[in-house]
Every structure is written in structure tokens, then in C-alpha cells.
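We will walk through it stop by stop.

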Amino acid sequence: MSFVLGFAVAGGGADAGWNEEDPSTSPADDSEYLAISMMPDGGALLVGRWRGMYEGLDAGNGVRGFAQYRDPAGDVAWTQAVTPSEDCRFDEGRGGRRRAEPSTAYFVLQVCDDVTMVSLDATGVVGTRELGDAARVSTFQASPSGGVHVLATERSMGGGSDAWSLYVLDRNLMIERSHPVPEELVREAEDPWTDEAGLISN
């Protein structure tokens, strides 16, 4: 199996795009990008999932999530596993992203039922935070001052309640503070990966 990746660097000339075809060494190997964030230097931060072998990483008998940085020429600078191995069909996973500061990208990655938030920069994985199975994260947005704001239930952030709060996380995805949000002010999405969600504004 193989995949083809291609995208153009914003603001680049006619030859600023690149493509790469990466043939697998085994029919059991499979990989897929779920979200991409372009960086100011023309490189890209990516998250995805794989099974079997990928870029020297072994998923064992399951499916795992990875993070990767590709330089402006499209060459892989590094690839790191960011989730444990999960037992499910390969097509059970989604990704979404918000970019914060120019150098850091924040992603939410789902592999099987496991949902993980990841922060990345060009040097590697900055932080990860497990959000649990079927985590209730309504929306998240990068903070202009660094870090990320997340509207989520307490349970998805390690608490024991389904009450909603607005969390402020640092670049390492550690909780700096939180503010309770009345449930009537939260507009949940039927599908948090594709539908609009967030706070109801009057």
C-alpha cells in the first residue's frame, strides 16, 4: 500500500509545492495523515495514525497515533508516537487542529476510542494530554499569549464530573486554571469534528 502527500507552501512560487510517495514494505503496514499545520518556515507539522511499521516505529498488533515534522523540501525531520497501541479497525480515527503561536501547533487526535491532545513545534512533541474515551471536548482555540483554551467536561480533563469548564493550558498542556461554564451556555456539536460548537453568544 502507498500514500501520496501533497500541499503547497502558502505564498510560495510555482515550484513551492512538493509531493512524496512512500511505498510500504508490507501489506500489513498502513499510515494516514489526519491533520496538517503549515509553519512559517514552509515546513509542516502533521498528526496521523499507523499500523504495522512506519518511519521506524512499530505499532505492534494495533493502531497508534504519530506526530511528524517535514521541512520545506518535504523531508521527514522526525516522527514520534503520541498514543498507545489500540485494538480497532484502521479507519476508526479522526484529527483536528488549531495553531497558536507561529511556532506551536495544537492538535486533537482520535485513534480508535482514545482521544489525545498534542502540542508540537519543529523540534518535537512539546506535550500530550489524554482526554479519555469519547472525550467531551466541545472546542479549543489557541491563545495569543501562548498555550491553548479548551472548552471541555471535567471528566475529559481528569475530573469526575460531566460539568463544563473553560480550561487554560500551557504549551506543555498542563492546566493553569479553569472556569466553570453553565451548561445552558454550551452549544454541543452532534459531531465535534465537523460541526460548529462552543459558547452560545447573545
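What follows is a tour that starts with the whole chain and then moves through selected strands and side chains.

**Before you start**

This is a predicted model, so to speak of local features pLDDT must be at least 70, and side-chain atom pairs count only at pLDDT 80 or more, while totals for chains, interfaces and linings use all residues. Residues are numbered from 1 along each chain as its sequence is written, and side-chain values use heavy atoms, with hydrogens and water left out.

**Stop 1: the whole chain**

Show the chain as a cartoon. There are zero helices and 16 strands; both are DSSP runs numbered from the N terminus, helices being H or I of at least four residues and strands E of at least two. Of the 202 residues, 45% are buried (under 20% relative accessible area with a 1.4 Å probe, protein chains only; exposed is over 50% and partly exposed lies in between). The chain exposes about 10,200 Å², with carbon and sulfur atoms supplying 46% of that area (Shrake-Rupley method, 1.4 Å probe; for residues, only the protein chains shown count as cover). Among contacts with a separation of 6 or more, 42% involve residues 24 or more positions apart (contact means heavy atoms within 4.5 Å).

**Stop 2: the sheet β3-β4-β5-β6**

Select residues 30-38 for β3, 44-54 for β4, 57-70 for β5 and 76-81 for β6. These four strands make an open sheet in the order β3-β4-β5-β6, with antiparallel pairing (two strands pair if DSSP finds at least two bridges between them). β3 and β6 stand at the edges with a single partner strand each, so one side of each has no neighbour in the sheet. From one strand to the next the twist averages 25° (axes are lines fitted to C-alpha atoms, for helices over the stretch in contact, with angles from 0 to 180 degrees between N-to-C directions).

Now colour β4 by accessibility: nine of its 11 residues are buried. On one side, eight bridges pair β4 with β3 in the antiparallel sense, and tyrosine 33 stands opposite glycine 48 in β4. The β3-β4 hairpin has five residues between its strands, and glycine 42 in the turn has a positive phi of about 95°.

Moving on to β5, you will find 10 bridges joining it to β4. Tryptophan 50 has arginine 64 as its bridge partner in β5, and methionine 53 stands opposite aspartate 58. Two residues lie between the strands of the β4-β5 hairpin, where glutamate 55 takes a positive phi near 50°.

**Stop 3: the rings**

Show side chains for Tyr33, Trp50, Tyr54 and Phe66, which ring pairs link into a cluster. Rings of Phe, Tyr and Trp (its six-membered ring) pair if their centres lie within 6.5 Å; planes under 30 degrees apart count as stacked, over 60 as edge-to-face and the rest as tilted. By this rule the count comes to three aromatic pairs. In one of them, tyrosine 33 and phenylalanine 66 have ring centres 5.8 Å apart and planes at 65°, so the pair is edge-to-face. Tyrosine 33 belongs to β3 and phenylalanine 66 to β5, so this pair ties together parts 33 residues apart in sequence. Both residues are buried.

**Stop 4: threonine 79**

Select threonine 79 in strand β6. Is threonine 79 buried or exposed? With a relative accessible area of 16%, threonine 79 is buried. Its side chain makes a polar contact of 2.9 Å with the side chain of glutamine 68 (a pair of N or O atoms within 3.5 Å; within protein, one must be able to donate a hydrogen and the other to accept it, and residues adjacent in sequence count only if both atoms are side-chain atoms). Leaving aside neighbours within four places in sequence, the contacts of threonine 79 include Tyr54, Leu57 and Phe66.

**Stop 5: the sheet β11-β12-β13-β14**

Another open sheet has four strands in the order β11-β12-β13-β14, with antiparallel pairing. Its edges are β11 (137-142) and β14 (175-180), each with a single partner strand, so one side of each is left without a neighbour in the sheet. Neighbouring strands are turned by 20° against each other on average, direction ignored. Select β13 (residues 164-169) to see five antiparallel bridges to β14; tyrosine 167 stands opposite serine 178 in β14.

**Stop 6: leucine 173**

Finish in the loop between β13 and β14, at leucine 173. Leucine 173 counts as buried, at 1% relative accessibility. Beyond neighbours within four places in sequence, leucine 173 is in contact with residues including Tyr106, Met117, Arg129 and Val148.
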